[in-house]
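Let's take a friendly walk through this model together. Have the sequence and the 3D view open as you read.

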Amino acid sequence: MCLITFSWSPGSSIPLRLAGNRDEFHQRPTAPLAHWQEHTAVLGGRDLEAGGTWLAANSRGVVAALTNVRDPALPTPVNAPSRGELVASVLQSDDIEAWLKEKERASAHHYAGFNLLVATPHRMWHLHRGRHGVVLTSVPPGVHGLSNATLNTPWPKLNLVRDALLNSADEQWQSATQHALHNSQTAPDEKLPDTGVGLALERQLSAAFIVGEHYGTRATTWLTLNQRGQVTITEQRFGPLGRFEGEVTLATPAKLTSHQPQY
């Protein structure tokens, strides 16, 4: 994904509410939200070019979401693997924290810059690969935003969607974030970040909802994770120039009991 806002409230009936946009080239082959055929416990969209995903969940109550880091001071390693495989991999791990710590210690350096969010009903982690190295942190309770820098970097579009979630009532959070995530207005030049892509592209990418013939917002997603570990995901899909292409809502079974791992 390229823009995420989420409310993390461990101990509540719905520990995680998350909304975001995925921006990508329209020609990149993509499968819509579904239960994966070869990993039926996984629910998410699918990048059919590299096999990974930008956001998914599993039937054990684990959620993972990814954004790329856009930073001219962060070179991409030679033969770097697809960052989308990180989401698929962590959802198949039997020990999430050990998997994350191994990535922090060693193998995350093989990837281009990224942010990985991983949540269960009880814990939430942020793994960041940036210009200063790889850092794993626990996410504190509250309303947060994430784009292509690091957690809560105050880019205009991040502030827009985070404020929409922060100022909405629980029963209105989806409509409030939809309004913000579908805002195609670009930011003023004086508020643009400098991520090394040039002013014209920086302007285009500053919109929460990017409209373009070849590149743009391809999906808007809402996700809830409840205290029993059930995940519900709604995905809206868009084509070139923001053309609406459909919507689907799917859920994982609620299977967590007091005898299952609490992570």
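Does Thr 220 count as buried or exposed? Thr 220 counts as buried because its relative accessibility is 0% (buried means under 20% relative accessible area, exposed over 50%, partly exposed in between, with a 1.4 Å probe and protein chains only).

Before going on, a word on the source: this is a predicted model, where local features need pLDDT of at least 70 and side-chain atom pairs count only at pLDDT 80 or more, while totals for chains, interfaces and linings use all residues. Residues are numbered from 1 along each chain as its sequence is written, and side-chain values use heavy atoms, with hydrogens and water left out.

Thr 220 sits in strand β11, residues 215-225 (strands are DSSP runs of E, at least two residues, and helices runs of H or I, at least four, numbered from the N terminus). Setting aside neighbours within four places in sequence, the contacts of Thr 220 include Gly 20, Leu 181, His 182 and Phe 238, contact meaning heavy atoms within 4.5 Å. The side chains of Thr 220 and His 182 are also joined by a polar contact of 3.2 Å (a pair of N or O atoms within 3.5 Å, one able to donate a hydrogen and the other to accept it within protein; residues adjacent in sequence count only if both atoms are side-chain atoms).

Leu 181 leads us on to the helices, as it belongs to the α4 side of the contact with α3 described next. Helix α3 (residues 156-166) and helix α4 (residues 173-181) pack at about 165 degrees, their axes 8 Å apart.

How values were computed
Axes are lines fitted to C-alpha atoms, for helices over the stretch in contact, and angles run from 0 to 180 degrees between N-to-C directions.
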